[in-house]
Amino acid sequence: MAGPNAEAAAHSAQPLILLPLISSAFIPADTMPGWFQPVAEHQPFTAVIETLRGLLLGTGIGHNGWLAVDWSLALIALGHLWSKSLFRRDPALR
């Protein structure tokens, strides 16, 4: 509903493809350059990946489990509010 056509809607998800690449999925955040560590540590994929890694390897997950839940709930709430506002704006969908 946010894109003017199907192609624009498909291309709007492309920046999301980069999120796993700038997380701790492939490289530990400790080994990243100093200016890049806060970016990698404070995004949704890092919390989810660190939680899954800890659960699968049997190590502690620390606060990453709660961060993953918080990120998920926040993204769900934002998506709900955004889609609700777009639905109200478009009279053809009512």
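In this predicted model, the second largest pocket has a volume of about 170 Å³. Its lining is formed by Leu-16, Leu-19, Pro-44, Phe-45, Val-48, Trp-71, Ser-72 and Leu-75, and the elements that contribute two or more residues to this lining are α4 and α5. When the lining residues of the second largest pocket are sorted by class, 7 are nonpolar and 1 is polar, while no charged residue is found there.

Helices α4 and α5 each provide at least two residues of the lining of the largest pocket, with α4 giving the most, namely 4 residues. By class, the lining of the largest pocket comprises 4 nonpolar, 5 polar and 4 charged residues.

The two helices that take part in both linings were also examined as a pair. In general, two packed helices are described by the angle between their axes together with the distance between those axes. Helix α4 spans residues 44-57 and helix α5 spans residues 64-89, and their axes come within 8 Å of each other and cross at roughly 135°. The crossing of α4 and α5 is left-handed.

On the side of α4, the residues that meet α5 are Pro-44, Ala-47, Val-48, Glu-50 and Thr-51, and on the side of α5 their partners are Asn-64, Gly-65, Leu-67, Ala-68, Trp-71 and Leu-75. Taken by class, the contact of α4 with α5 contains 7 nonpolar, 3 polar and 1 charged residues.

Terms used: Residues numbered from 1 in each chain as written. Predicted model: local features only at pLDDT ≥ 70, side-chain atom pairs only at ≥ 80, totals over all residues. Heavy atoms only, no water. Axes fitted to C-alpha atoms, helices over the stretch in contact; angles between N-to-C directions. Left-handed = near helix turned anticlockwise from the far one by under 90°. Contact = heavy atoms within 4.5 Å. Nonpolar A, V, L, I, M, F, W, Y, C, P; charged D, E, K, R; others polar. 1 Å grid on protein atoms, 1.4 Å probe; cavity = no way out; pocket = protein on both sides within 12 Å on 5 of 7 lines; lining within 4 Å. Points joined across faces, edges and corners; volume = space filled by probe spheres on them.
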